[in-house]
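Let's take a walk through this protein together. Have a look at the picture first, and then we'll go through it piece by piece.

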Amino acid sequence: QLQLVESGGGVVQPGGSLRLSCDASGFTSEYYAIGWFRQAPGKEREGVACIANSDGDTRYADSVKGRFTISSDNAKNTVFLQMNSLRPEDTAVYYCAAVRVTKMAFNYWLELKWDYWGQGTQVTVSS
């Protein structure tokens, strides 16, 4: 059974940085993707970024391009989300998720049915 555990959330001032980690265990599929999503109070959950384990290909939401970077350490089954130049509107609970995916389907990451989810970690950007 796949398990995902997020860590690294906290409180940071606007313009600051945080790095989130997602530790994945129990995944036996050769081709899968790990994604980061977030949900702010009163808003729908939105995709932030994702990475394919097979080749490290990445995708980003327009709102975070140039500020956030997703990366992975496959040896440790850990995916990171480096968040720079944080803004108050980045405040949300951040979740990591996983899905078995083909290379073609990875292009439609926002439309995939993500099967596995972590418990979430709170990120608050405030002065």
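Setting aside its neighbours within four places in sequence, Asn53 is in contact with Glu30, Tyr31, Tyr32 and Asn74. Keep in mind that this is a predicted model. You'll find Asn53 in the loop between β5 (46-52) and β6 (58-60). Is Asn53 buried or exposed? Its relative accessibility is 19%, and buried means under 20%, so Asn53 counts as buried.

Now on to the strands. Strands of a sheet pair through backbone hydrogen bonds, either parallel or antiparallel. Here, an open sheet of 4 strands runs in the order β1-β3-β8-β7, and the pairing is antiparallel. At the edges you'll see β1 (3-7) and β7 (68-73), each pairing on one side only. Further in, β3 (residues 18-25) and β8 (residues 78-83) pair over 6 bridges, and Leu20 stands opposite Leu81 in β8.

Strand β3 also leads us to the cysteines. The whole structure holds 1 disulfide, and it joins Cys22 to Cys96, with the sulfurs 2.1 Å apart. Because Cys22 lies in β3 and Cys96 in β9 (residues 92-100), the pair ties together parts that are 74 residues apart in sequence. The torsion about the S-S bond is about 65 degrees, so this disulfide is right-handed. Cys22 counts as buried at 1% relative accessibility, and Cys96 does at 0%.

What about Cys50? That cysteine is in no disulfide, and the nearest cysteine sulfur, that of Cys22, is 13 Å away. Cys50 counts as buried too, at 0% relative accessibility.

Key
Residues numbered from 1 in each chain as written. Predicted model: local features only at pLDDT ≥ 70, side-chain atom pairs only at ≥ 80, totals over all residues. Heavy atoms only, no water. Pairing = 2+ DSSP bridges. Helix = DSSP H or I, 4+ residues; strand = E, 2+ residues; numbered from the N terminus. Buried < 20%, exposed > 50% of the residue type's maximum accessible area, 1.4 Å probe, protein only. Contact = heavy atoms within 4.5 Å. Disulfide = S-S within 2.5 Å.
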